[in-house]
Amino acid sequence: MFESLSPVLIAAAVIGGYLLGSIPFGVIATRMGGAGDVRNIGSGNIGATNVLRTGRKDLALITLLGDGGKGAVAVLLAWLATREATKDAQAVLTSIAAASAFLGHLFPVWLKFKGGKGVSTFFGTMLAAAWPVGLAAAATWLAVAFLLRLSSLAALVAVALAPIYVFVFDRPLPIAWLGLFMAVLVFIRHADNIRRLLKGQEPKIGAKQKDAA
């Protein structure tokens, strides 16, 4: 799979993807929108869910689109760079770029490696890398969120099923490895949410929280 991929191209996908993923849209949106630093609000997370705790739905939407979009852009650039390569090589490079952007979001160099939980970036990269898989994962999130009104559980179920959806839709194997890689990291980043879910203490969508953290 790597035969047609030069070390320079792989390095560009890793470095470029990481730097794209490191763009902290939550911090940028809240500061430019006059809502302060999102890291000092609620859970301190830089993702769209915590930005929403500022009371600004517009800033949360910007963050959601930005965090998802940066992953999609990383995949698109890798895809454009491998238009003349084999499908397998293209799948490898887009997966490398996507994984690098995902790591950039979780561990952004600009914020001392303290980033978000990765759900928005997961969906953005997966929709760009294999849109049927991304749509199936998004539909899974919506279904679980609608039935149980637990955003974190919906995200965990969606990312866990994504690697399986890759085989259902007959997508290249590197995409499955990408999905598994991101799913593991999403679960790790949601450790606190998982503990609350097991105790029945995870706040439901729309519920008012005494402690936003």
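**View 1. Asp192 and Arg195 form a salt bridge in a predicted model.** The side chains meet at 2.2 Å, N to O, a salt bridge being a side-chain nitrogen of Lys or Arg within 4 Å of a carboxyl oxygen of Asp or Glu. Asp192 and Arg195 sit 3 residues apart in helix α10 (residues 191–199), about one helical turn; helices are DSSP runs (H or I, at least four residues), numbered from the N terminus. Asp192 is partly exposed at 44% relative accessibility, and Arg195 is partly exposed with a relative accessible area of 46%. Buried means under 20% relative accessible area, exposed over 50%, and partly exposed in between (1.4 Å probe, protein chains only).

**View 2. Asp67 pairs with Lys70 in helix α4.** The salt bridge spans 3.3 Å, N to O. Helix α4 covers residues 57–81, and Asp67 and Lys70 are 3 residues apart in it, about one turn. Asp67 is buried, with a relative accessible area of 1%; Lys70 is buried too, at 4%.

**View 3. Arg196 forms a salt bridge with Glu202.** Their closest N and O atoms are 2.7 Å apart. Arg196 is partly exposed at 25% relative accessibility, whereas Glu202 is buried at 12%.

**View 4. Arg31, Asp37 and Arg39 belong to one network.** They are joined by salt bridges that share partners. The structure holds 6 salt bridges.

**Notes.** Residues are numbered from 1 along each chain as its sequence is written, and side-chain values use heavy atoms, leaving out hydrogens and water. In this predicted model, local features need pLDDT of at least 70 and side-chain atom pairs count only at pLDDT 80 or more, while totals for chains, interfaces and linings use all residues.

Key. Helix = DSSP H or I, 4+ residues; strand = E, 2+ residues; numbered from the N terminus.
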